[in-house]
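Hi there,

I'm handing over the structure we talked about, so please open it and keep it beside you as you read.

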Amino acid sequence: MKMDKLPSKFQMAKNLMSAVAKHVVTGAEHVSNDKYEKRLQACNSCPNLVNNEQCGLCGCYVETKAKWATSTCPDNPQRWDKHVVGGDGKKLTLKK
C-alpha cells in the first residue's frame with residue numbers, strides 16, 4: 001500500500017535544513033550516476049513514496065535527495081547502499 005501523507009511542514013523544513021547543512025559542509029558531493037539510478041529505483045518501489053516524488057518518511061524530494069552523497073534512506077531497514085563521503089573510505093578534507 002502506497003503512503004499518501006507527508007510529515008508536518010515544520011518537520012520537513014527541519015529535515016531539509018539538516019540535510020542541506022550536512023551536504024554543504026562535506027563539500028556538496030554527489031553520488032555516481034549508477035548509484036543515483038539505483039537509489040531512485042529503490043524509492044520508486046517504496047511504499048513510503050508520496051505522489052511519485054516525495055519520501056513520506058522525511059518529506060524530501062527523492063530526485064534531489066538521491067543525488068546527495070550525504071543523504072541516507074530514512075526507512076528501517078534502509079533501502080539504499082551505504083555511501084562513504086569522500087570516496088574509497090577516505091575522509092573528506094575541506095579546503096579553507
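This is a predicted model: local features need pLDDT of at least 70, side-chain atom pairs count only at pLDDT 80 or more; totals for chains, interfaces and linings use all residues.

Let's begin with the largest pocket. Which helix gives the largest share of its lining? That is H1, with four residues. Helix H1 spans 9–25, and helix H3 (62–65) also gives two or more residues to the lining. The space in this pocket comes to about 180 Å³. By type, the lining divides into eight nonpolar residues, three polar ones and one charged one.

Next, have a look at the loop between strand E1 (49–50) and strand E2 (54–55), where Asn 51 lies. Asn 52 is found in the loop between E1 and E2 too. Phi of Asn 51 is positive, near 55°, in a residue other than glycine. Asn 52 is not a glycine either, and its phi is positive at about 55°. Are these residues buried or exposed? Asn 51 has 59% relative accessibility, so it counts as exposed, because the cut-off for exposed is over 50%. Asn 52, at 64%, counts as exposed as well.

Finally, move to the segment after H3, the place of Pro 77. The peptide bond that runs from Asn 76 to Pro 77 is cis, and its omega is near 5°.

Happy exploring, and write back with any questions!

Technical notes
Residues are numbered from 1 along each chain as its sequence is written. Side-chain values use heavy atoms; hydrogens and water are left out. On a 1 Å grid over the protein atoms alone, a cavity is a set of points where a 1.4 Å probe fits but cannot get out, and a pocket is an open set with protein on both sides within 12 Å along at least five of seven lines; lining residues have an atom within 4 Å of a point. Grid points are joined across faces, edges and corners, and a volume is the space filled by probe spheres set on the points. Ala, Val, Leu, Ile, Met, Phe, Trp, Tyr, Cys and Pro count as nonpolar, Asp, Glu, Lys and Arg as charged, and the others, Gly among them, as polar. Buried means under 20% relative accessible area, exposed over 50%, partly exposed in between (1.4 Å probe, protein chains only).
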